[in-house]
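Hello,

Here is the structure we spoke about. Please have a look, then read my notes below.

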Amino acid sequence: ARVFELAMTVVAWVGNAEWASFTVAAAPWPWLAWALAGMAWALQAPGWPARRLGWLCMLPLLCWRPERPAPGEWRMSALDVGQGSAILVETATQALLFDAGPRHFGGGDAGERVIAPQLQARGIGRLDVLVLSHADLDHVGGTRSVLAAVPVARSYASFDVAAWLRRDARLWPGQDGAGADGRTPARMLRCERGDSWQADGVTFTFLHPAAGAPVAGGDRNANSCVLRVGGAHHSLLLTGDIGVAQERELAALGLPPTDIVLAPHHGSAWSSGRELVAATRAGHAIAQSGYLNRFGHPAPAVERRWLRAGAAFWRSDRDGAVMAESRAGGLDVWAQRARHRRYWHGR
């Protein structure tokens with residue numbers, strides 16, 4: 001028993017070392033099948049012809065990288081995080097995450113369960129931008145898990161991110177992440193109307209809140225960051241939890257037409273007003289909401305309003321993750337649950 005204990009000390013040290021393992025992107029099944037065949041060949045008995053060459057069949061699996069958008073194009077993943085928000089936007093060389101999903105009070109959060117695995121599957125080892133629209137837990141609950149999984153170059157938020165992380169670490173001391181090891185975004189900025197930057201030919205512009213604007217009546221939703229993503233061919237509007245009053249303000253300022261709109265406040269009855277629907281003239285609207293959520297999101301009236309305006313209405317409680325790719329040849333939008341259906345999914 002003592003010898004075994006000593007041996008496990010060495011094994012545990014090796015297993016916990018950073019160099020003991022590394023993450024690769026999720027390759028398509030033909031590459032996985034080829035790697036398994038090579039491994040089976042390499043594990044044959046001594047004397048098997050070219051037995052050791054079988055290990056070379058694993059190289060395509062280890063070196064494969066997902067296709068990234070061309071300059072001026074973008075890829076969006078509205079992740080299925082339940083009743084919350086998390087949208088990943090990729091350009092040719094950069095990645096942006098808008099919101100970090102909810103925390104589950106039974107244990108864990110969307111950052112650990114959904115976002116970090118998605119980043120790994122896409123081969124994303126760092127986030128260039130993290131936008132936290134406002135400080136509600138269904139939008140920022142997974143922040144510390146995201147920070148623990150990948151470094152973040154800079155963040156934008158409508159609140160003090162550093163103070164929020166310190167407070168969250170006190171309230172949830174057992175959770176790994178920024179509160180435990182001090183890992184925070186390299187730069188932390190506030191989102192303000194007019195702030196804009198470009199990456200790979202794609203323009204990112206904040207439309208709300210106005211610079212120095214106080215929180216309306218103490219309502220964090222009203223102060224949500226609103227980000228517009230404009231590529232060479234199509235555009236995307238990420239809205240947080242703004243309500244009808246903020247939508248009217250955006251429409252009055254001359255909100256440009258947009259191809260895809262994330263329905264504000266998960267499709268709440270107090271959002272997606274006529275002004276926003278008419279101004280955006282969107283071809284697609286997406287409501288991120290949890291299955292059988294207690295808020296009734298998305299509201300039937302909101303869904304009808306988008307449909308009457310000619311938009312395809314997607315909802316994560318029914319469709320799962322909603323993906324979109326903007327290319328010169330057109331805008332492709334699909335539901336992950338429909339494209340990769342499991343046997344337990346109903347028709």
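The model is predicted. H4 provides the largest share, 5 residues. By class, the lining holds 17 nonpolar, 12 charged and 6 polar residues.

The second largest pocket holds about 520 Å³ of space. Its lining has 28 residues, with Ala116, Gln120, Ser145, Ala148 and Ala149 nearest the centre. The classes here are 12 nonpolar, 10 polar and 6 charged.

Now the sheet. It is open and has 8 strands, in the order S6-S5-S4-S3-S2-S1-S14-S15, with mixed pairing. Strand S6 (187-190) and strand S15 (330-335) are at the edges; each has a single partner strand, so one side of each lacks a neighbour in the sheet. From one strand to the next, the twist averages 15 degrees.

Strands S1 (residues 74-78) and S2 (residues 87-90) pair in the antiparallel sense, over 4 bridges. Alanine 78 is opposite isoleucine 87 in S2. Helix H4 (residues 110-121) packs on the sheet and touches S1, S2, strand S3 (95-98), strand S4 (127-132) and strand S14 (322-327). The direction of H4 makes about 15 degrees with that of S2.

Best wishes

Key
Residues are numbered from 1 along each chain as its sequence is written. This is a predicted model: local features need pLDDT of at least 70, side-chain atom pairs count only at pLDDT 80 or more; totals for chains, interfaces and linings use all residues. Side-chain values use heavy atoms; hydrogens and water are left out. Two strands pair if DSSP finds at least two bridges between them. Helices (H or I, at least four residues) and strands (E, at least two) are DSSP runs, numbered from the N terminus. Axes are lines fitted to C-alpha atoms, for helices over the stretch in contact, and angles run from 0 to 180 degrees between N-to-C directions. Contact means heavy atoms within 4.5 Å. Ala, Val, Leu, Ile, Met, Phe, Trp, Tyr, Cys and Pro count as nonpolar, Asp, Glu, Lys and Arg as charged, and the others, Gly among them, as polar. On a 1 Å grid over the protein atoms alone, a cavity is a set of points where a 1.4 Å probe fits but cannot get out, and a pocket is an open set with protein on both sides within 12 Å along at least five of seven lines; lining residues have an atom within 4 Å of a point. Grid points are joined across faces, edges and corners, and a volume is the space filled by probe spheres set on the points.
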